[in-house]
Amino acid sequence: GNKIGNFVHRSLTFIEKNWPEGLPAAAFKGLSSHPQLEVMTTYQKKISAALDGFEFCRALSEVILLSQAANEFFHVSEPWKQVKTDKVQAAVTLALSVVYIGAIATILQPFVPAMSAAMLKHFEGYLQDSDRLDLYAGKFARLIERLAEGYKSPIPAKVLLPRIDPLRIKACKEELQGKVK
C-alpha cells in the first residue's frame, strides 16, 4: 500500500507543481497505443485470472507488481529531468502515470475499498460507474478517452496512507510472534 500511495502522491504533486492548470489534452493523444498500456493490460489479465481462480493472495500480489511497474515507469522516465528539457514528453509521462493511477485505483477496489475510493476521487468528473467496469475489465483506453480534453485533479494531492513508524512495525511483529509460539 505504501508504494501505491507514494506513486500516487508523487505523480499528482508533480502535476500540481508543473501544470497548475492541469495536464494538456495533447499529453493524452496517442496513449492508446503506448507500450505501457500493454503492461497494464498484462497485469490486469493476471489479476483477473487469479480472482477467477479464487487465488486472492496471488491477485493481490499482481496488484502490487502493477504498482511497482508504475513506480518503475515513473522512475525510469525521470519526469523531473524531462520537465526541464522536454516539457511535452514530461506531460506524456505524467499522463501515463494518471492512467496507471486510474487502473490501480479501479483494480484495487475489491482488496482495499477505502484506498481505492480515495484514489478515485481524483477522477471525479472524468469517470462514471460504467467506466470503472471497463477499466476493471482492462479497457484502459476508456480512461484515455475520458481524459482527451486534459486532466486536472478535482482535489489536491495528499498522502493516502500515513507512514508507519518502523518501531511500531517491529513491536507488532514481536507481539504476533509471541502469540504464535
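How many residues does helix 5 have, and how far does it reach from its first C-alpha to its last? Select residues 87–108: helix 5 has 22 residues and reaches 31 Å between those two atoms, close to the 32 Å expected at 1.5 Å a residue. The expected span is 1.5 Å times one less than the number of residues. Helices here are DSSP runs (H or I, at least four residues), numbered from the N terminus.

This is a predicted model, in which local features need pLDDT of at least 70 and side-chain atom pairs count only at pLDDT 80 or more, while totals for chains, interfaces and linings use all residues. Residues are numbered from 1 along each chain as its sequence is written, and side-chain values use heavy atoms, with hydrogens and water left out.

**Stop 1**

Keep helix 5 selected and colour by accessibility. Of its 22 residues, 19 are buried, where buried means under 20% relative accessible area, exposed over 50% and partly exposed in between (1.4 Å probe, protein chains only).

Next, show the largest nonpolar core, which has 54 residues. A nonpolar core is a set of buried Ala, Val, Leu, Ile, Met, Phe, Trp, Tyr and Cys residues joined through side-chain atoms within 4.5 Å. At least two residues of this core come from each of helix 1 (2–18), helix 2 (35–52), helix 3 (56–77), helix 5, helix 6 (113–120) and helix 8 (141–146). Helix 5 gives the largest share, 15 residues. In soluble globular proteins, nonpolar side chains tend to be buried together.

Trp-19, Leu-23 and Met-119 have the most contacts inside the core. Centre on Trp-19: not counting residues up to four places away in sequence, Trp-19 touches Phe-14, Pro-24, Val-83, Lys-87, Ala-90, Ala-91 and Leu-94. Contact means heavy atoms within 4.5 Å.

**Stop 2: helix 1**

Select residues 2–18. The 17 residues of helix 1 should span 24 Å at 1.5 Å a residue, and its end C-alpha atoms are 24 Å apart, which agrees. Its buried residues are Ile-4, Gly-5, Phe-7, Val-8, Ser-11, Leu-12, Phe-14, Ile-15 and Asn-18. They pack against helix 3, helix 4 (79–85), helix 5 and helix 6.

**Stop 3: helix 3 against helix 5**

Show helix 3 and helix 5 together. They pack at an angle of about 170 degrees, with their axes 10 Å apart. Axes are lines fitted to C-alpha atoms, for helices over the stretch in contact, and angles run from 0 to 180 degrees between N-to-C directions.

On the helix 3 side, select Val-63, Leu-66, Ser-67, Ala-69, Ala-70, Phe-73, Phe-74 and Ser-77; they meet Thr-93, Leu-94, Leu-96, Ser-97, Tyr-100, Ile-104, Ile-107 and Leu-108 in helix 5. By class, this contact has 12 nonpolar, four polar and no charged residues. Ala, Val, Leu, Ile, Met, Phe, Trp, Tyr, Cys and Pro count as nonpolar, Asp, Glu, Lys and Arg as charged, and the others, Gly among them, as polar.

Zoom in on Ser-67 in helix 3. Ser-67 counts as buried, at 2% relative accessibility. Leaving out residues up to four places away in sequence, Ser-67 touches Ile-4 and Ile-104.

**Stop 4: helix 2 against helix 3**

Residues making the contact include Tyr-43 and Lys-46 of helix 2 and Arg-58 and Glu-62 of helix 3. This contact has 14 nonpolar, one polar and three charged residues.

**Stop 5: two loops**

Select Phe-54, in the loop between helix 2 and helix 3. Its phi is near 60 degrees, a positive value in a residue other than glycine. Phe-54 counts as exposed, at 65% relative accessibility.

Then go to Glu-78, in the loop between helix 3 and helix 4. Phi of Glu-78 is near 50 degrees, also positive in a residue other than glycine. Glu-78 counts as partly exposed, at 27% relative accessibility.

**Stop 6**

Gln-82, in helix 4, is buried, with a relative accessible area of 14%. Apart from neighbours within four places in sequence, Gln-82 is in contact with Ser-77, Lys-87, Gln-89, Ala-90 and Thr-93.

Finish at Tyr-136, in helix 7 (residues 129–136). Tyr-136 counts as partly exposed, at 30% relative accessibility. Setting aside neighbours within four places, its contacts are Gln-44, Ser-48, Leu-51, Thr-106, Ile-107 and Pro-110. A C-alpha to C-alpha distance from Tyr-136 to Gln-109 gives 9.2 Å, for residues 27 apart in sequence.
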